Number of protein chains: 4
Amino acid sequence: MERILEEAVRSGRGVLREGTVATYIPELAKSDPAALAAACCGIDGSIRSAGDTATRITVQSISKMASLGLALNICGEDLVFSRVGVEPSADPFNSIMRLEMRAPHRPQNPLINSGAILVLSLLPFRDSNERLEAVLGVMKKMSGNNHMSVNEAVAASERNTSDRNRSLGYFLRSVEAMEGNVENILDTYFRQCAIECTVRDLAVMGATLASGGVNPLNGDRVFSSRTSIILRALMQTCGLYDGSGDFAVRVGFPAKSGVGGGIMGSVPGRAGVAVVGPALDARGNSIGGIRTLEILSEKLSLRVL
Amino acid sequence: MERILEEAVRSGRGVLREGTVATYIPELAKSDPAALAAACCGIDGSIRSAGDTATRITVQSISKMASLGLALNICGEDLVFSRVGVEPSADPFNSIMRLEMRAPHRPQNPLINSGAILVLSLLPFRDSNERLEAVLGVMKKMSGNNHMSVNEAVAASERNTSDRNRSLGYFLRSVEAMEGNVENILDTYFRQCAIECTVRDLAVMGATLASGGVNPLNGDRVFSSRTSIILRALMQTCGLYDGSGDFAVRVGFPAKSGVGGGIMGSVPGRAGVAVVGPALDARGNSIGGIRTLEILSEKLSLRVL
Amino acid sequence: MERILEEAVRSGRGVLREGTVATYIPELAKSDPAALAAACCGIDGSIRSAGDTATRITVQSISKMASLGLALNICGEDLVFSRVGVEPSADPFNSIMRLEMRAPHRPQNPLINSGAILVLSLLPFRDSNERLEAVLGVMKKMSGNNHMSVNEAVAASERNTSDRNRSLGYFLRSVEAMEGNVENILDTYFRQCAIECTVRDLAVMGATLASGGVNPLNGDRVFSSRTSIILRALMQTCGLYDGSGDFAVRVGFPAKSGVGGGIMGSVPGRAGVAVVGPALDARGNSIGGIRTLEILSEKLSLRVL
Amino acid sequence: MERILEEAVRSGRGVLREGTVATYIPELAKSDPAALAAACCGIDGSIRSAGDTATRITVQSISKMASLGLALNICGEDLVFSRVGVEPSADPFNSIMRLEMRAPHRPQNPLINSGAILVLSLLPFRDSNERLEAVLGVMKKMSGNNHMSVNEAVAASERNTSDRNRSLGYFLRSVEAMEGNVENILDTYFRQCAIECTVRDLAVMGATLASGGVNPLNGDRVFSSRTSIILRALMQTCGLYDGSGDFAVRVGFPAKSGVGGGIMGSVPGRAGVAVVGPALDARGNSIGGIRTLEILSEKLSLRVL
């Protein structure tokens, strides 16, 4: 097992030079493009890892699974999916035009930026701090790591380079798809994206989804089985932005990526499988990470499709 | 002449009940849907009017001609049109999707909202107050009315219902079409839209453009002849939002409308012709005003197309 | 097993009245909206079925899996996917606008109509008859049913109501995404859509994909393991048009639907699971069929996501 | 007058090398990129010309004014504009996507290709020959030149490179915007585009529109005054494709261009002004022709905007 993880990471390193770290957020540009790590957490709680496992990244879009899960827990799926769709989008993650083009003017799914911002607006908290604490709380439960916290330098950097997300937020409100204080909602969004994690954290989070919502390290239930199913299904069809179809062919199990370089995979009933590698491909997914997962999927027969 | 104006206004009143006042800005919803007035100002400075000439409206989008003229005066046409196009847009005035759809990501023309916001960003002023004073100054020169001022209740109302314009502003900056402080630029925009005027003011403003940039009341030059040509050409092709083509058929001379219910027409070399009537058609143009202009165009042979 | 199938079909019948048969092709409008059947074929070749199993439908879009598989067999995946994408489309199956909107002007994936037409154009056959025979041959191998044939009345009906597909074909050629004789390619398309089948045929076809490309009835290899993976992955992300995301949540395994009312499901390594029910939902998928599959997925633990 | 025409043509020649002849129709690629001519026809019938006046080109899109005028004559404006809009389009002349994007699915105006094809479908003729004869008849009346005829080599070339127009035609029928035999309608379209003319013909045609529908050479009425107004208004807002706004600024009177290199201008109440110059700019308009018209507009004070 360790051997396979190491072999996969080695193979992943071979494509790193074709990628580049995210630069649209200045703090992310400081990431190490040469870092690469992989980890696997069985639903029995056993963890194995390889590569640069000490590398810390920010979760970025992977946080969308936590906030969506929280919204499903609190608001219920009927409410959530009356406000946001569940269909894959053919557009980039930050696209706005479909919101205008087609009625009803609601985000195509909760994993593109507009959808994730909308989901946050549904949460019944008084302010951004309360909301952020709740999302962070879910992420801690998913990972079993109570020390997870926001990298405030990255959060500040996100806030300063957030024109597109701000545009999305105000657009949603202008078409009455969203209510609430846009700046306040965005504040939570920028901070939840800046939560730091390691590849191990991501693997445990993936395992929590794989096991039907129960954290395999401590046995705590984070999500219902139904919520886990919804989250995994969305990861499968929309988890890697406009690279989701390619990922389904190459890797073949549910996963969610973030521009910090993380990918949290979830093999239902078996394991969480995660990678960390800040060098990204043109669609914003970890280039070495996808290659690593491709090898792992084949060698460990993880493909579910 | 007076008789024809009165006859045209009477005809315009006949369609008022098919229109409704703008409601998306609460203060505008208080406008009188039954009001209708028309005025004509020759390039010799002679003014005639008919109808509810005391009605005061806010200029709204008609202010875009003043701020664009100011930008052409200060920055020159080469700079301005390197940043915004001159082609009609088939989309509603507040549309965002073309900005994303096609590179270069610049507004289609300076008369849609995104274009007007961009034009303001080009003006080299320190803050919104200075910028607003400059735009208001141009409008005073165009109308020869030194008492024009901002209706602060309407400005506040615009500011509170400005989600779409805010979305446009941040989008423009996110695609690097615009620089500057978005909130600050929007502040000018909301206030210039809320400048109050009468039908007489609009007629003189139209006459200033008709005479090649010289105010017919006091002989002051506001714009160069070239700038007047550009402004009139844009009014002809883009002046009535996505109703510009219909207006060209029905009325046939350059004009610019605003959702306050004003339309400022300009018959080159002859006269400014304006209407005020807050009841709007589905595209946001004064329904009684267009009908009035249609009659005037025919009776006074004002058509240039 | 039989009991579960029958229970699922019974449950599916409960929603039939909310659906309607396809009417855009006159011959399809003659289908029986009350018909519903389900079948399961293990990769060991054992078949179980329930409901109106004698109902014959035309495969319609399900045929796209056969022609794509054929193209992968003959042309190789590199060639095929240099000409058509693998990403889900957020647009309806017959949409054209994305082809114009974004370069490269190629179909988003091989399962929307434009993509399926393009795939046919890649096949190196002399004429429509040869091409059709090859596609039909693949379908016979997948189903193990040598008696499959084209319903010529439906094919003629498709041909007569094919304006949109013709528009797609000529558009593809106009942007140089496709070469060849458009009418000739479309002729194959209309006829392959009109191939008749039963629910049993579909179940075996799904089982062939589930087993990695080997027909479980006769042991013949139809596709390589790699081709099976590609076909299943595309079914998962794009198989039910713009209802693919919803299907992933509700059912959770790869499947492909057709407007004839069939859905061919494939549970990797386990079974083909199919339904036939001509009453469709708003997206063109069998409304009773999806409900039936939802029950089967739960009762038989078929979900892979 | 002759001197001014010659000076304008000389100035126009200065930009010819920046243009290229249309190549998408092979026969058009044979045009002489160095040719340039201008002509002016007063509404009194006096004609002046300069440059390569013997150059024969095909009218291409300029024919749309004749077929639209014919449709207005026969069907009336209410019918015609219930089926096609009058608003400028921001898209290229052969764009399809707006037809799908927005309901009602009708062409934005009659001067883009989809609109022109639709207009032809409204004409009550038995076949393409009859329809073509009627359109050609209108063009002969407009120009006073009974020898105008179709260049069959160009028509054949158009027919062979007509994928996009065919796609538009079938799309229109698929969304029920158009009825009739698509191939038959397109046949007329290809042939009317291939009608040959000289710069003198175009100038007389423009003068016919300038005079309110009466041919200035023979006094025959071709169109009603109202129809002339409609045609001129559409030329002003939509006549030069997505370069119409720029043309309004630079030249400032109604005109219609064709990719053959002709531009037919019409100065209401004064004259027809035309140019011929096959070298085109990026939008498909005669590059030397626009420059020539710009000079003429200034020197002869032809601007109406």
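Hi everyone, let's start with one residue pair: Ala255(B) stands opposite Gly265(B) in strand β6 of chain B. Before going on, a word on the source: this is a predicted model, where local features need pLDDT of at least 70, side-chain atom pairs count only at pLDDT 80 or more, and totals for chains, interfaces and linings use all residues. Residues are numbered from 1 along each chain as its sequence is written, while chains are lettered from A and ligands numbered from 1 in the order in which they are written.

Back to the strands, which are DSSP runs of E with at least two residues, just as helices are runs of H or I with at least four, numbered from the N terminus. Strand β5 (residues 255-257) of chain B runs antiparallel to β6(B), and three bridges join them; strands count as paired if DSSP finds at least two bridges between them. The two form a hairpin with four residues between them, and Gly261(B) in that turn has a positive phi of about 110°.

On to the next partner. β6(B) also pairs with strand β7 (residues 271-276) of chain B, antiparallel, over six bridges. Here Ser266(B) stands opposite Gly272(B) in β7(B). This hairpin has three residues between its strands, and Gly269(B) in the turn has a positive phi of about 75°.

Buried means 20 or more other C-beta atoms within 10 Å of the residue's own, with C-beta atoms placed from the backbone. In a regular strand, side chains alternate between the two faces of the sheet. In β6(B), Gly262(B), Met264(B) and Ser266(B) are buried on one side, and Ile263(B), Gly265(B) and Val267(B) on the other.

Now over to chain C. Helix α2 (residues 63-75) and helix α11 (residues 225-238) of chain C pack at about 145°, with axes 10 Å apart; axes are lines fitted to C-alpha atoms over the stretch in contact, and angles run from 0 to 180 degrees between N-to-C directions. Met65(C), Leu68(C), Gly69(C), Leu72(C) and Asn73(C) in α2(C) meet Thr227(C), Ile230(C) and Leu231(C) in α11(C). Contact means C-beta atoms, placed from the backbone, within 7 Å.

Last, the interface: chain A and chain C each bring 26 residues to their contact. On the chain A side, α11(A) gives the most, with seven residues. Thanks, everyone!

Note on methods. Contact = placed C-beta atoms within 7 Å. Buried ≥ 20, exposed ≤ 12 C-beta atoms within 10 Å, placed from the backbone.
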